[in-house]
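I opened this entry to log a few look-ups.

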Amino acid sequence: MKTKTFIRRRGAGLFKNEKGILLVAHRNRIFHLPGGGAHYNESRKSAMERELMEELNIKIKKSKFILEHLGKEYHYSSRYSNKFAKDKTKLFEIEIEGKIKIQNEIKYQIFWTPESNEILSSDTQQILQHLRK
């Protein structure tokens, strides 16, 4: 019997420059917008700011909310649970301070353009398609 789908609150940052849109990946090389899950009682904007500091060593100078996206269902397992989840992401366009330095669980960083060949998560594909409209 399938368990109830868990909605994972996530904040993500959209950083663009002349090279493209910043995306990151773990060991699996599936690229996504940088950010992460919000802790209990933490806003998704604060989660995004915290995760970008932890994963990329950057501070947010300015941020502007641009959209909310409910992603596709996926199997979510951790040491404590085994269930299905959907990411409910608030995306913020950001300006940053500091030099990007990948650290912790992030292993790869690219500046994506529509001509890029990297594999993107399905949620990231949907968000980028929406932004290009």
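**Strand pairing**

I looked up strand S3 (residues 20-25) and found five bridges joining S3 to S9, with the two running antiparallel. I note that this is a predicted model. Three strands make an open sheet, ordered S2-S3-S9, with antiparallel pairing. Its edges are strand S2 (16-17) and strand S9 (108-112), each of which pairs on one side only.

**Thr89**

I went to strand S8 (residues 82-97), where Thr89 is placed. Is Thr89 buried or exposed? I count Thr89 as buried because its relative accessible area is 3%, under the 20% cut-off. Leaving out residues up to four places away in sequence, I listed what Thr89 touches: Arg10, Ala12, Arg44, Leu67, Glu68 and His69.

**Aromatic rings**

I counted two aromatic pairs. One of them is Phe65 with Phe92, an edge-to-face pair at 5.8 Å centre to centre and 65 degrees between the planes. This pair links distant parts of the chain: Phe65 is in strand S6 (residues 59-70) and Phe92 in strand S8, 27 residues apart. I checked accessibility for both partners. Phe65 is partly exposed at 42% relative accessibility, whereas Phe92 is buried at 7%.

**Charges over rings**

I stayed with Phe65 and found Lys90 over its face, 5.5 Å from the ring centre. I also logged Phe6: the charged end of Lys83 sits over its ring, 4.6 Å from the centre.

Conventions:
Residues numbered from 1 in each chain as written. Predicted model: local features only at pLDDT ≥ 70, side-chain atom pairs only at ≥ 80, totals over all residues. Heavy atoms only, no water. Pairing = 2+ DSSP bridges. Helix = DSSP H or I, 4+ residues; strand = E, 2+ residues; numbered from the N terminus. Buried < 20%, exposed > 50% of the residue type's maximum accessible area, 1.4 Å probe, protein only. Contact = heavy atoms within 4.5 Å. Phe/Tyr/Trp six-rings, centres within 6.5 Å; stacked < 30°, edge-to-face > 60°. Lys NZ or Arg CZ within 6 Å of the ring centre and 35° of its normal.
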